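These are my notebook entries on a structure that I looked up. I set down what I checked and what I found.

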Amino acid sequence: MLKDLNWSQYISPKLFVAALLLGFAACCWAGAWCREICLMPDFRRFNIYTGPYSNFYPTSGEMLALANCKRANKILVVVGGDSVFNCASLPAQELWTEKLERALGDEFAVLNFSFEGEEPFEGGYLAAESLFKQGRKVVFVTDSQPGISGEPFGYLLAPLFFDFNCRGLLLDDKQREATKQACIREQAKRHREEFIEMQRAGYLNRFVNAQDLWQAVGYKYCFTIWSYYTNPDFWRPRCAFADKAMSRPWPQDDVIKLELAAIRERNQKMTLAGARCVAVDHAWDSFDFRTTYIIPQAMRSRSIMALTKYNPDLLKHLSEQERKLDQALYREGRWHWQNAGIKSLVIGENYSADDYIDANHYSIAGSRRLASDLAGPIKQVAEQLGYLP
Amino acid sequence: MKDNRRLRALISLTLGLLCGIFVHYLCYRLAIPAKPFIYVAF
């Protein structure tokens with residue numbers, strides 16, 4: 001029946017194609033316009049509804065627009081890192097970065113670009129590097145565990161790396177570029193196809209701005225992708241979802257066992273029960289090598305790495321020897337970051353159980369201590385960079 | 001006859017615009033990772 005229909009009687013092919021191109025071009029322009037506007041004027045942090053867990057992938061445009069809302073003469077303190085710095089277990093109004101901003105004073109503006117599960121040098125870090133390239137005064141602060149430097153192009157937010165990279169928003173770093181090309185060339189590497197796909201998507205988006213437009217529509221008007229966390233109201237705009245604290249079970253025996261197993265595995269890998277041997281040296285050599293291509297030289301002097309310790313209530317389950325190893329590992333981890341030219345400090349050495357809400361996330365009291373512990377080193381780095389008079 | 005031509009132009013323009021917007025939306029959907037945790041292994 002459709003075959004018999006005379007389409008040209010109802011549709012003019014020339015007009016149809018012209019309108020199609022016009023519609024597509026208008027969307028590209030609208031996407032470019034969305035990059036310039038600050039979608040989240042009351043932004044405090046990214047949460048479960050504005051992060052990849054619910055299929056919301058913040059774009060480079062959104063992150064830079066958030067930074068550009070801050071006055072140009074301020075020193076931008078960009079905070080990256082995982083749920084520890086995201087304060088995911090606390091309500092947004094108790095966020096430690098707001099306490100940090102107050103402690104730092106008027107010359108500073110703090111942006112919390114951490115995500116639950118973010119690697120130390122993805123997401124927020126990319127925004128910091130891009131802002132530095134734009135000529136802004138930037139100090140980057142992130143958190144990690146000893147011996148963990150993260151993946152070169154990210155883990156949770158890998159598409160964001162390609163968004164920044166394909167738009168030319170990052171510093172030209174030969175070593176990082178060579179690593180990226182090597183990854184694409186290597187046939188045997190895992191996930192090579194996803195890697196190439198993300199790069200293609202990055203280049204496509206550079207010209208069509210599709211992520212920028214449809215994420216903005218999803219945030220403001222209507223989201224079109226189902227996700228577990230937004231079910232059954234997945235279609236509601238993301239701005240309609242309140243940022244709430246994600247409580248974690250604590251203290252529960254199975255959670256304690258899991259956390260202790262993770263600490264023991266990490267300590268085993270990096271110290272092998274305290275012995276120096278080829279395997280341990282190899283693990284640290286590999287760590288040192290990674291830092292050379294994850295963070296360009298110019299960003300190292302403006303980055304601070306905070307190695308955060310676990311709740312003492314959890315650590316008391318370790319044996320005396322295991323606790324000593326854990327302490328030694330923090331010292332060694334700190335030394336390796338310092339050796340790479342990145343200021344590093346251990347956070348939580350003298351914290352009590354009251355400073356934690358669970359195994360490794362800070363309570364309100366702990367977040368206050370965290371802010372005051374980091375304010376000094378941030379000012380010191382700003383002074384060294386000549387940002388402060 | 002003239003009305004028919006106008007209607008034809010209107011249908012062509014509306015459908016063309018909608019298709020253009022849809023193609024742009026497809027660019028967005030296809031670029032979203034199928035799996036949220038993409039691990040780039042080295």
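**Entry 1: a pair of helices in chain A**

I began with A:Glu322, which counts as partly exposed at 23% relative accessibility; I took buried as under 20% relative accessible area, exposed as over 50% and partly exposed as in between, with a 1.4 Å probe and protein chains only. I noted that this is a predicted model, in which local features need pLDDT of at least 70 and side-chain atom pairs count only at pLDDT 80 or more, while totals for chains, interfaces and linings use all residues. Residues are numbered from 1 along each chain as its sequence is written, chains are lettered from A and ligands numbered from 1 in the order in which they are written, and side-chain values use heavy atoms, with hydrogens and water left out.

I then looked for the partner of A:Glu322 and found a salt bridge with A:Arg264, the closest N and O atoms being 2.7 Å apart. For a salt bridge I required a side-chain nitrogen of Lys or Arg within 4 Å of a carboxyl oxygen of Asp or Glu. A:Arg264 lies in helix H10 (residues 253-271) and A:Glu322 in helix H14 (residues 320-339) of chain A, so the pair ties together parts that are 58 residues apart in sequence. Helices (H or I, at least four residues) and strands (E, at least two) are DSSP runs, numbered from the N terminus. A:Arg264 is partly exposed, at 35% relative accessibility.

I also looked up A:Ala261, which is placed in helix H10 of chain A and is partly exposed at 41% relative accessibility. From A:Ala261 to A:Trp335 I noted 74 residues in sequence and 25 Å in space, C-alpha to C-alpha.

**Entry 2: other salt bridges**

Over all chains, the count by this rule is 13 salt bridges. One of them joins A:Asp212 to A:Arg35, with the closest N and O atoms 3.0 Å apart. A:Asp212 lies in helix H9 and A:Arg35 in helix H1 of chain A, so this pair ties together parts that are 177 residues apart in sequence. Both A:Asp212 and A:Arg35 are buried. I found that they belong to a network of salt bridges that links A:Arg35, A:Asp163, A:Arg167 and A:Asp212.

I recorded a further salt bridge between the side chains of A:Glu94 and A:Lys99, at 3.7 Å from N to O. A:Glu94 is partly exposed at 24% relative accessibility, whereas A:Lys99 is buried, with a relative accessible area of 13%.

**Entry 3: a covered helix and a buried serine**

How many residues of helix H2 of chain A are buried? I found eight of its nine residues (60-68) to be buried, and the helix is mostly covered. The buried residues of H2(A) pack against helix H1 (13-36), strand S1 (75-79), strand S2 (108-112), helix H5 (124-133), helix H6 (158-166) and helix H9 (210-220) of chain A.

A:Ser144 is in strand S3 (residues 138-144) of chain A and is buried at 4% relative accessibility. Leaving out residues up to four places away in sequence, A:Ser144 touches A:Pro120, A:Met305, A:Ala306, A:Leu307 and A:Thr308; contact means heavy atoms within 4.5 Å.

**Entry 4: backbone checks**

Most residues other than glycine have a negative phi, and most peptide bonds are trans. I found a cis peptide bond joining A:Asn231 and A:Pro232, with omega about 5°; A:Pro232 is in the loop between H9 and H10 of chain A.

A:Asn55 is not a glycine, yet has a positive phi of about 65°. This residue is in the loop between H1 and H2 of chain A and is buried, with a relative accessible area of 17%. A:Cys87, also not a glycine, has a positive phi of about 50°. I placed A:Cys87 in the loop between helix H3 (83-86) and helix H4 (96-104) of chain A, where it is buried with a relative accessible area of 4%.

**Entry 5: chain B and its contact with chain A**

Chain B has one helix and zero strands, and 31% of its 42 residues count as buried. The contact takes 28 residues from chain B and 46 residues from chain A. I counted zero salt bridges between chain B and chain A.
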